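Please read the report below alongside the sequence and the coordinates, with attention to how the chains are built and how they meet.

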Amino acid sequence: MNTWLRVLTLLIAAAILQSSIFTEIRIDGMGVELLLLISILSGYHGGPIRGAYVSFWTGLVNDCIVASPLGIHALIYPAIAVAVSNLEERFINEKRVIRAFGIALAVSTGVLLTAGVGHIFGEATFNTTSLPETAIVAGVMTTLFSKPLSSIVKWTVSNGIPREVKTHFAGSKR
Amino acid sequence: MAKRSSDRPRVVLLVLMAAALTLLTAQFRNFLPVDDFQQGFRDVISPFRKVADRATDPFQTVWNGIFNYEKVNEENERLQVEIARMRGEELRNEADRELLGRLLGEVDIDYLELETVVARIVGVPGGNYNSHVIEINKGTDDGLKEGAGVITKAGLVGYLHEVDRSTSLVRLATHPDFRVGVRLVNSQDEGLARGNGSPGLLILDAGINIDAEVSIGEVVVTSGGRSIFPQDIPVGRVIDPDLEADYARSIVIDLSASLENLSFLNVILDSREN
């Protein structure tokens with residue numbers, strides 16, 4: 001299947017899930033950022049350029065489903081994806097816990113940046129008193145869904161990208 | 001060989017950010033196709049959402065059972081207290097009823113006669129972007145329009161922020177961008193109240209005289225006029241009249257409608273003139 005057809009399918013499926021079941025999966029009103037997670041994973045698996053394109057469209061889809069001004073999320077998500085992609089090499093051989101922490105940090109940063117940009121554009125949509133708490137809880141909750149989603153995003157965005165080659169050095173443990 | 005500009009991540013990122021900013025500008029300049037695009041997308045996925053909602057209903061129930069158990073218990077207790085209170089009210093004598101009738105007459109509340117559409121709350125938008133916003137199961141197909149006032153029998157709730165074909169988003173009165181013209185029933189002073197993000201509270205800090213006589217418990221209603229809300233819809237009661245203010249008063253109003261425990265709402269269809 002063509003890569004962009006895969007991306008389209010993934011985004012529509014994610015939009016349906018984000019606006020149905022994930023509206024209910026909340027702890028004290030704070031929920032999962034499924035589309036932000038797709039952006040992060042697309043940067044991780046697809047590289048900076050493909051990640052940026054996928055994230056842009058992911059942001060637009062999120063703008064549509066949460067009825068925010070069109071472009072707010074699309075402005076932030078590509079930057080997050082490119083940043084994640086640039087850090088990917090440092091994280092790829094790290095322990096699972098460290099990678100999970102990286103994802104949680106990226107989600108929290110995305111939530112905070114979206115709130116900041118929204119505020120600049122006069123959208124007082126976040127509860128500013130609970131914003132840090134929201135960012136942390138959303139980061140942790142979203143990270144819980146990263147493992148199953150990672151394989152799907154990898155299949156979606158890494159079509160045509162050369163597979164990674166693992167190198168072994170004599171005497172090394174890896 | 002030199003890299004093409006489209007192969008450079010920074011160039012791609014800048015182009016995409018410029019595109020996003022262009023879309024934002026188009027949106028804020030009320031370039032209609034942008035709004036229509038968003039509404040169209042939501043309308044297209046709406047049937048699939050309903051199917052996904054039904055299919056995952058057992059999972060949602062389990063989740064709510066685990067993480068909202070205390071909330072459900074509190075809600076049960078609140079409802080039990082409410083039932084007891086209503087039973088007590090039923091048993092009140094005729095004198096009390098007369099007094100109640102007189103008080104309602106003073107406030108001149110006839111908002112229950114407004115033509116409304118009853119809507120059920122289906123949830124909140126996904127993610128964390130929209131706080132103080134809820135989604136209802138009625139839209140343009142039911143005659144709803146953007147900006148229509150939303151009330152319950154207890155009073156003001158908010159207004160329709162986005163209206164799709166079969167669903168709408170309600171911006172609650174506690175939303176920081178919410179504004180409503182209000183009138184203090186005893187003093188007849190009028191001002192502009194706003195949400196400030198605090199649950200159940202409105203702040204009246206514009207248009208009110210520094211020397212206005214405001215008492216705790218005073219009833220506040222909508223003032224009507226050019227507002228999207230018809231006049232005399234109960235808003236709440238004053239809980240802090242800010243009597244010690246030197247320059248600008250900031251009166252705190254406790255909303256009469258409990259926004260935390262809503263199930264059904266009334267969307268006003270007619271916006272009557274004063």
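The sections that follow describe a predicted model, taking each chain in turn and then the contact between them.

## Chain A

Chain A is built from seven helices and two strands, and when these elements are read along the sequence they follow the pattern α-α-β-β-α-α-α-α-α.

Of the 174 residues of chain A, 55% count as buried. Among the contacts in chain A that join residues at least 6 apart in sequence, 71% are between residues at least 24 apart.

Chain B contains five helices and twelve strands, and 32% of its 274 residues count as buried. When contacts in chain B between residues at least 6 apart in sequence are considered, 58% of them join residues at least 24 apart.

One closed barrel of chain B has six strands in the order 1-2-5-4-3-12, with antiparallel pairing, and the twist from one strand to the next averages 45°.

His132(B) lies in the loop between strand 1 (116–123) and strand 2 (133–136) of chain B.

Leaving aside residues up to four places away in sequence, His132(B) touches Arg171(B), Leu172(B), Thr174(B), His175(B), Gly195(B) and Gly197(B). His132(B) and Arg171(B) are 39 residues apart in sequence, yet their C-alpha atoms are 6.3 Å apart in space.

## The contact between the chains

The contact between the chains takes 47 residues from chain A and 41 residues from chain B. On the side of chain B that touches chain A, the elements that give two or more residues are helix 1 (9–28), helix 2 (32–55) and helix 3 (57–67) of chain B, and the largest share, eleven residues, comes from helix 1 of chain B. By class, this side of chain B has 23 nonpolar, twelve polar and six charged residues.

How do helix 3 of chain A and helix 1 of chain B cross, and within what distance do their axes come? The axes of helix 3 (residues 34–66) of chain A and helix 1 of chain B come within 9 Å and cross at roughly 10°, and therefore helix 3 of chain A is roughly parallel to helix 1 of chain B, since angles under 35 degrees count as roughly parallel. In this pairing, Pro48(A), Ile49(A), Ala52(A) and Phe56(A) of helix 3 of chain A meet Pro9(B), Val12(B), Leu13(B) and Leu16(B) of helix 1 of chain B. By class, the contact of these two helices has eight nonpolar residues, with no polar and no charged residues.

Note on methods:
Residues are numbered from 1 along each chain as its sequence is written. Chains are lettered from A and ligands numbered from 1 in the order in which they are written. This is a predicted model: local features need pLDDT of at least 70, side-chain atom pairs count only at pLDDT 80 or more; totals for chains, interfaces and linings use all residues. Two residues are in contact if their C-beta atoms, placed from the backbone, lie within 7 Å. Helices (H or I, at least four residues) and strands (E, at least two) are DSSP runs, numbered from the N terminus. Ala, Val, Leu, Ile, Met, Phe, Trp, Tyr, Cys and Pro count as nonpolar, Asp, Glu, Lys and Arg as charged, and the others, Gly among them, as polar. A residue is buried if 20 or more other C-beta atoms lie within 10 Å of its own, exposed if 12 or fewer, and partly exposed in between; C-beta atoms are placed from the backbone. Axes are lines fitted to C-alpha atoms, for helices over the stretch in contact, and angles run from 0 to 180 degrees between N-to-C directions. Angles under 35 degrees count as roughly parallel, over 145 as roughly antiparallel, 65 to 115 as roughly perpendicular and the rest as oblique. Two strands pair if DSSP finds at least two bridges between them.
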